[in-house]
Amino acid sequence: MSDLHNSELNLELERERFTISPEFLARYNRPGPRYTSYPTAPVWRDDFRAADLERAYEQADAARTPVSMYMHLPFCESLCLFCACNVVITKDHSVAPPYLETLKREIEHVSERVSPSRQVVQFHWGGGTPTYLTPEQMEDLFGFTAEKFSFAPDAEIGIEVDPRVTNGRHLETLRGLGFNRLSMGIQDFDPEVQRAVKRVQPLEMTSELIAHSRALGFESINVDLIYGLPYQTAGRFAHTVDEVLALAPDRIALFSYAHVPWIRKQQGSLAASLPEGMEKFRIFSTAVEKFLHAGYQYIGMDHFAKPGDELAVAQKKRTLHRNFQGYTTKAGADLYGMGVSAISAIGSTYGQNYRELPRYTEAIDRGGNATMRGYRLSEDDRLRRALITRLLCHAVIRKDDISKEFGIDFDNYFAPEIARLHSFVEDRLIELAPDEIRVTFLGRIFIRNLAMIFDPYLEKQHLAEQPLFSKTL
């Protein structure tokens, strides 16, 4: 068989993987969690307080687990209409110094509960727009943090940057401080789409920032795209994807636009021009086909990476993990979230800081801990978290692994869930075997639906009936 015939056959198989009907899409495209945590945030308790998180700090320090840190820098100069993040919109940069002083007090408080022997293996600044800060403010904040914590020599140190407000001095300062990973939002290069969502960011601006970053020696560059935005079509978005592939980022995140106007009111103005149903699926599938043909590996849900990237290697080795920062290679590290609205995941405990800046500031000034809610996992929660995490990271559940780790008989414990999987088999989303549940390529696109089968809280608390989650596609 010729190479040309093989290529044509592979292309036909690619197309077959994306062949679905409108009825199929309607059946599976429904609201559901993204499972950056299990149980999901709506299950967490408001009576979980600062003292509960302090106990988790103590237990983690006794266990000497590695440390992952996230710091939330919430400021942006303007509001992107698609955004559902916790942000503070202001062009008045005088708001930054008081916030940074409060954040330093929280950093100091947390550092006193982390032994010097515990190394920071992952560190991330997110937002908001971290490059809203001046280079001098960045140097001061990172320097303060480095004095309080021990960073591993090979620590993954990353930041989210907005090409519209990030300049050469920002990049040079970050690289000099030891930052080695950049993530930047693109969303779509189409001018009409950019105007509709109020984020005008020409290709040249992004290209120059990536070129400068590479010249400075940043090891990994991730770009974010969003499908389902106003005025997008499969053809127009394909052009954006081609432009992104020419930039050759190490990782690509292809997020579905989360239309949640009951949470973010500014999104209401976008409703009339959003692509929906099969058109939105065509936008997504066109992008995925292009990424695969360009050699990127489908990590899962909405992430793609070059074959030599750490995420791709970790997935092959089955060491890939997932937390509030998305897919990560740092399994086993406890995540300490600092800043307004930040989330911690420490052992079997979740904690979230106050979302409102005044309340966060008041709580830190009072005692160094701004916990507003959280959750302590039960044994059943831990079991289901492990199952859902492996499903999202590896697209396969090996029953014996779960049974041995948690001392259960998998088929007996999950008998009701297994009974509900037969429709997934009929729809070519999974393959069931006596020893495993394996997700097909099409199933990986709708993997959130599969995870929902193993989430009893959706029914217990009627979460699926409330306007809490975006649709799965």
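A: Helices here are DSSP runs of H or I with at least four residues, numbered from the N terminus. In this predicted model, helix α13 covers residues 379-394, and T389 is found in that helix. T389 has a relative accessibility of 17%; because buried means under 20%, T389 counts as buried. Apart from neighbours within four places in sequence, T389 is in contact with H321 and R322.

Two or more lining residues come from each of β11 (321-323), β13 (334-338), β14 (343-346), α13 and α14 (399-406). Among the contributors to this lining, α13 gives the most, with 8 residues.

The surroundings include a nonpolar core. The largest nonpolar core has 137 residues, and W125, L254, F291, Y336, I445 and F446 touch the most other members. Helix α10 (residues 277-293) gives the most to this core, with 8 residues. Y336 touches Y57, A60, V67, S68, M69, Y70, V110, V114, R118, S344 and I346, when residues up to four places away in sequence are not counted. There is also a second, separate core of 11 residues, which includes C83, V197, L229 and Y257. In soluble globular proteins, nonpolar side chains tend to be buried together.

Another part of the model to consider is a strand. Strand β6 (residues 181-187) is largely enclosed by the rest of the structure, because 7 of its 7 residues are buried. Both faces of β6 are covered: on one side R181, S183, G185 and Q187 are buried, and on the other L182, M184 and I186 are buried. Strand β5 (residues 150-161) pairs with β6 in the parallel sense over 4 bridges, and I159 stands opposite L182 in β6. Strand β7 (residues 220-227) also runs parallel to β6, to which 6 bridges join it. The bridge partner of S183 in β7 is N222.

Definitions and conventions. Residues numbered from 1 in each chain as written. Predicted model: local features only at pLDDT ≥ 70, side-chain atom pairs only at ≥ 80, totals over all residues. Heavy atoms only, no water. Buried < 20%, exposed > 50% of the residue type's maximum accessible area, 1.4 Å probe, protein only. Contact = heavy atoms within 4.5 Å. Pairing = 2+ DSSP bridges. Core = buried A, V, L, I, M, F, W, Y, C linked by side-chain atoms within 4.5 Å.
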